[in-house]
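This report goes through a structure residue by residue and element by element. The sequence and the coordinates come first.

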Amino acid sequence: MYETKYHRPVSLPQAAKFAADHGDEGKYLAGGMTLIPTMKQRLAAPEALIDLRHVPGLKGIKVEGKSIVIGGGMTHSDVAMSDEIKSVCPGFADLAGLIGDPAVRHMGTVGGSVANFDPAADYPAALLALGATIRTNQREIAADDFFVGLFETALEDGEIVTKIAFEAPDACAYEKFRNPASRYAMCGVFVARRGGDVKVGVTGAGSEGAFHWSEAEQALSSNFAPEAVDGLTMPQDNMMSDIHGSSAYRANLVKVVTKRAVKKALGH
Amino acid sequence: MTDVTITVNGREMKGSVENRTLLVQFLREHLGLTGTHVGCDTSQCGACVVHLDGKAVKSCTMLAVQASGSSVTTIEGIAEGQELHPVQAAFREHHGLQCGYCTPGMIMTAVDMINRHGSSLDEETVREELDGNICRCTGYHNIVKAILSAAGAAQPQAVAAE
Ligand SMILES: Cc1cc2nc3c(=O)[nH]c(=O)nc-3n(C[C@H](O)[C@H](O)[C@H](O)COP(=O)(O)OP(=O)(O)OC[C@H]3O[C@@H](n4cnc5c(N)ncnc54)[C@H](O)[C@@H]3O)c2cc1C
Ligand code: FES
Ligand code: FES
């Protein structure tokens, strides 16, 4: 790792000021669960780190009725263990509890995961399916517009993910088919049903990161049952292909995992 | 260089570190607390697990400067004088280690797990939560037994060989 400067702001404006001072040579540091390994490999060498862990504006989980607002600095473990989230949207808490291992969950944050948009990150599948809003220190962005492509989001330089917000659906569930070594998703599917409207977010499989599986959304909106997906075929063109699985394998996995997610959602 | 103050095993430690110094390097090289191990250095193996303000974290994936102002507990800090911590004693009792390389991280992970789940721990949860700790020797069986025993939880039912 190259030497770097370290700042510890205690407010959002102060954090943004540090970022502006370093132009695009500084980086926000949240849980560090992605950034520090990347810096060790010298794939990233920021001139300065701006530690967001002491910024109160990124903290807190607020659940009012079905409305859920989670601070960008909340950890995966905060989300997984929140009784409030569990009571109105158990599928989302389950998802957070499946990220990495306990030590990773104690440090890694919602904001860091969303900003990083790893093609196998779990939250993006849920945020797409839930129609979530990503709030920053400058604006609000719909999840559909936020996730742009591989490791690419709508965030501008220096912009901070401060909150994610969504309405709990009538039923939802996350099913994750894990790579047995890394435990990242080979395919993760989040299904959410609101009345007769069903949304399906898929992660881990697509070469451009998480996406909506529109055909399955249509089929499941008319019949919310695993069989509804039977007649569909996931095209292989945009599937990832690597030593862990070919694109044909992943395309099939999307279907299998979607069915399991629907089954789980029916059980909740 | 940045001045850091970290309460390590109850004692306030001060030091001046490069910002890129990892917490595990600070513990091992600056403080001489070599009980915390580095197995992979890539966040996978858990040999470096310590508690930061009471929660298990991987000290190879955290900078010392990030921990400034916090409390850190390492494997050296859990026994009461000559008396082993109950989780340490259970690892000895159940033969939960062979070479011992993974053991400090296993024990710190186990203590955190027991803090969160208490005696409601079951075998499946223990195995699931050991996800981030790799042991090349034991096959995990006795580690799981030791953790369940220390938690005062039910042991796995013996399954007869077919
Ligand atoms: C062993 C291991 C296993 C893992 N397994 C999984 C898994 O199964 N599923 C999964 O989804 N993830 C997994 N992860 C990744 C983990 O979830 C990370 O915590 C997450 O991707 C990044 O969050 P962070 O808070 O650690 O961010 P950091 O690493 O601190 O930052 C990541 C990036 O986001 C930027 N950033 C951070 N916070 C903000 C913010 N609030 N606003 C704007 N930009 C910000 C940083 O500048 C940086 O570029 C794993 C990580 C490890 C080490
Ligand atoms: S040395 Fe930290 S996880 Fe392996
Ligand atoms: S006892 Fe040797 S690695 Fe676990």
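The model is predicted. In chain A, S247(A) belongs to helix α11, which covers residues 247–267. Is S247(A) buried or exposed? Its relative accessible area is 18%, and the cut-off for burial is under 20%, so S247(A) is buried. Leaving aside residues up to four places away in sequence, S247(A) touches Q236(A), M239(A), M240(A) and S241(A).

Q41(A) lies in a loop of chain A, between α2 (35–40) and β3 (48–51). With a relative accessibility of 56%, Q41(A) counts as exposed, since the class begins over 50%. Q41(A) and A142(A) are 101 residues apart along the chain, and their C-alpha atoms are separated by 33 Å.

## Chain A as a whole

Chain A contains 11 helices and 14 strands. Its C-alpha trace spans about 55 × 45 × 30 Å along the principal axes. The radius of gyration of chain A is 18 Å, which agrees with the value near 18 Å for a compact globule of 268 residues.

Of the 268 residues in chain A, 56% are buried. Among the contacts in chain A with a separation of 6 or more, 59% are between residues 24 or more positions apart.

## Chain B as a whole

Chain B has 6 helices and 5 strands. Their order from the N terminus is β-β-α-β-β-α-β-α-α-α-α. How does the radius of gyration of chain B relate to the globule rule, and what is the value? The radius is 16 Å, close to the 15 Å that the rule gives for 162 residues, so chain B is as compact as a globular protein of that length.

The C-alpha atoms of chain B fill a box of roughly 60 × 30 × 25 Å along the principal axes. Buried residues make up 49% of the 162 residues of chain B. Of the contacts in chain B between residues at least 6 apart in sequence, 55% join residues at least 24 apart.

## Helix α4 against helix α6 in chain B

Helix α4 of chain B (residues 103–117) packs against helix α6 of chain B (residues 141–151) at an angle of about 40°, and their axes are 10 Å apart. An angle under 35 degrees would count as roughly parallel, and 65 to 115 as roughly perpendicular; α4(B) and α6(B) are therefore oblique to each other. Their crossing is right-handed.

On the side of α4(B), the contact is made by M106(B), A110(B), M113(B) and I114(B), and on the side of α6(B) by I143(B), I147(B), A150(B) and A151(B). Which classes do the residues of this contact between α4(B) and α6(B) fall into? There are 8 nonpolar residues, no polar and no charged.

## Helix α3 against helix α6 in chain B

Helix α3 of chain B (residues 86–93) also packs with α6(B), at an angle of about 135° and with the axes 8 Å apart. That angle makes α3(B) oblique to α6(B), because only angles over 145 degrees count as roughly antiparallel. The crossing of α3(B) past α6(B) is right-handed.

From α3(B), the contact involves P86(B), V87(B), A90(B) and F91(B); from α6(B), it involves I143(B), A146(B), I147(B), S149(B) and A150(B). By class, this contact of α3(B) with α6(B) has 8 nonpolar residues, 1 polar and no charged.

## Positive phi in two loops of chain B

D53(B) is not a glycine, yet its phi is positive, at about 45°. D53(B) sits in the loop between β3 (49–52) and β4 (55–58) of chain B. The relative accessibility of D53(B) is 47%, so the residue counts as partly exposed.

Y140(B), likewise not a glycine, has a positive phi of about 70°. Where in chain B is Y140(B) found? Y140(B) is in the loop between α5 (123–129) and α6. With a relative accessible area of 25%, Y140(B) is partly exposed.

Note on methods:
Residues are numbered from 1 along each chain as its sequence is written. Chains are lettered from A and ligands numbered from 1 in the order in which they are written. This is a predicted model: local features need pLDDT of at least 70, side-chain atom pairs count only at pLDDT 80 or more; totals for chains, interfaces and linings use all residues. Side-chain values use heavy atoms; hydrogens and water are left out. Axes are lines fitted to C-alpha atoms, for helices over the stretch in contact, and angles run from 0 to 180 degrees between N-to-C directions. Helices (H or I, at least four residues) and strands (E, at least two) are DSSP runs, numbered from the N terminus. A crossing is left-handed if the near helix is turned anticlockwise from the far one by less than a right angle, and right-handed if clockwise. Contact means heavy atoms within 4.5 Å. Ala, Val, Leu, Ile, Met, Phe, Trp, Tyr, Cys and Pro count as nonpolar, Asp, Glu, Lys and Arg as charged, and the others, Gly among them, as polar. The radius of gyration is taken over C-alpha atoms; the globule rule is 2.2 Å times the number of residues to the power 0.38. Buried means under 20% relative accessible area, exposed over 50%, partly exposed in between (1.4 Å probe, protein chains only).
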